[in-house]
Amino acid sequence: MKKLSSRWSVVALVVGSSLVACSGADAPTTGGAARPSPGGNGDSPAASSPSASTTGTPASAATTGVGPLASAQVALATVTGTITNQGPSTVPLGSVGLAGQGTVSAATSVQLAALLPGGTLQALAQAAVTAGGTFSLQAPINAGLTIVQALDASGSVLGSVVLGSTGSTAGATLVAAPITTQTSLQSQVLTSAATCALGSGGNSEPTGSDASATPAAAPAAPATSPSGLSGATLALDVTTLVDAQVTAAVAAAAALQGDSGAGVSALVQALSAAVVTGAEARLTVFAQAGVTLNLDVFASAQATALANFNAGLAGVLTGQTNIATVMAQLAASLDAAVQASGGVSIGTRAQAQAAVSLDFSASLNASLAANAALDVNDLAFAAIHAAAQLEATIVGNAVVQVITAAGAPQATISAATSASAQFAANVTAATNVQALTSARATFAAALGGGGSASASAGGGGLLGGLVTATGNVTASLQGVIDDVVNLAGNLDGDLTAKLSAVADVNVCVNIDAQASVGPNGIDVNVGAAAEVIAQFVANAAASAQSADAGAGAQVGVGAAAQAMALAELSLRVAP
């Protein structure tokens, strides 16, 4: 197996979170990018849901002017947005396509490009930028995954943002998130991740001179990757994992380099491969549970979530909402998208997100360790922290749902809700791995009782509210919770052994495939950590089933075991 080789992507987002594009490999050039693909070849993601807000404007059409697939008449939507100077660095990063300081004054135009499999970006439309950085362009509808790029006078890409689908409603108005360093990084990572998922290495990025002012027809549906993943199904993963902290670490490296950005390009590639590894881990968790996610539904749900996220970030810029609200909605949207695509079990979804975190971190750490040039201060923890925040939110929500479904009294449900919110807050505030471990221990103690890992429900844990407090039942519940805690004692060791195999996987090559996952399979080692998690949860459930709690309390004891297992499996940090 090969180590993950560095690949390159884009960097993106505005006020604190991120958005994603499609498939591709290379970072924006500084004036000499390859020409865009002239035709669709049936390669670009199909649109399924309308983006952002729509208006009642009558349908409009235009004569196309780009590529042999362009049709005589194209139904159009309007895309609006804003270019900003926002970014964590005081140094301009437009030379490496990461926007930041000076972007508004340097930008003269914007273009919309569809991301095609293999990394090619097909230019669809172009428009001028106002002195204040705002823009409005006419875009063909039914383009599945698109990126808006800010261009300077020479046609070089200064920054970008993932727009997503252009929807299916002619005359609609679509709102792009403000172009910032974060949105630009996200765009690059998504582009590279989509290329990686397809196993190809395209490197075409259209420049302003290649785009036509007349909108081109949207390209057709995408090719299928070995795992079934595409840019459209990786968008929310990129958006959640490439957050403000990750962006700050990459931007700091870019500011120090002050060159063509070769090191930044390698970091983008490492991040994109890690995103794909995590996304494939999610698929294996559900496959092991006998569930095949419907990736078309998954992509459609992500398109809707991405449109809402873009509109939310635009609202942050104008003061209509705040970033905390937008990010909370994003986390809920990712979980809802998994559920809509077939991941009905909340417990399995929580396990899947834990596997995403573990494999994402293991892959990135392996890439950073393999290349001394990628030794960037704070990036490893920033990536772990981004994954941990999402995982804590999903696990906390899962615990509340498990307790509620078991018929717990309202006081117990309220206590679980408060403990879950505190868990998420503690994870958000964490500044190192030790703080993440402490957050998990505090959450587990709130559920199981007491202040130590071996504490029981008898010590005051809220899970005691799931059963009637008789002597025998209380003792059985205590025994089950202690069993789960003891089982968790082996988790770190078991996971470390398995994750070392994940670190050796090159998901962009997809060797040693397991044909039961995806059209052509996923490397068997990607699912190794998922197997450990699944076995741990199964052992916890078996402990509950063997407890002598009586028929009336068995449901409560089983729910307590599941809730405790979810808490204990969370935030296990990859080596």
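Colleague: How many bridges join strand S3 (residues 109-115) to S6?
Modeller: This is a predicted model: local features need pLDDT of at least 70, side-chain atom pairs count only at pLDDT 80 or more, and totals for chains, interfaces and linings use all residues. Residues are numbered from 1 along each chain as its sequence is written, and side-chain values use heavy atoms, without hydrogens and water. Strands (E, at least two residues) and helices (H or I, at least four) are DSSP runs, numbered from the N terminus. S3 and S6 run antiparallel, and the number of bridges joining them is 6.

Colleague: In what order do the 4 strands form the open sheet?
Modeller: Strands of a sheet pair through backbone hydrogen bonds, either parallel or antiparallel. Here the pairing is antiparallel, and the order is S4-S3-S6-S7.

Colleague: Which strands stand at the edges?
Modeller: Look for a strand with a single partner, so that one side is left without a neighbour in the sheet.

Colleague: What does the twist average from one strand to the next?
Modeller: Axes are lines fitted to C-alpha atoms, for helices over the stretch in contact, with angles from 0 to 180 degrees between N-to-C directions. From strand to strand, the average is 25°.

Colleague: Which helix packs on the sheet?
Modeller: Contact means heavy atoms within 4.5 Å. The helix touches S3, S6 and S7, and its direction makes about 70° with that of S7. It spans residues 181-198 and is H2.

Colleague: Is Thr146 buried or exposed?
Modeller: Thr146 is found in strand S6 (residues 146-151). Buried means under 20% relative accessible area, exposed over 50%, partly exposed in between, with a 1.4 Å probe and protein chains only. Because its relative accessibility is 0%, Thr146 counts as buried.

Colleague: How far is the backbone oxygen of Gly164 from a polar atom of the side chain of Thr146?
Modeller: Gly164 is among the residues in contact with Thr146, leaving aside neighbours within four places in sequence. The two atoms lie apart by 2.7 Å.

Methods
Polar contact = N/O pair within 3.5 Å; in protein donor to acceptor, adjacent residues only side chain to side chain. Pairing = 2+ DSSP bridges.
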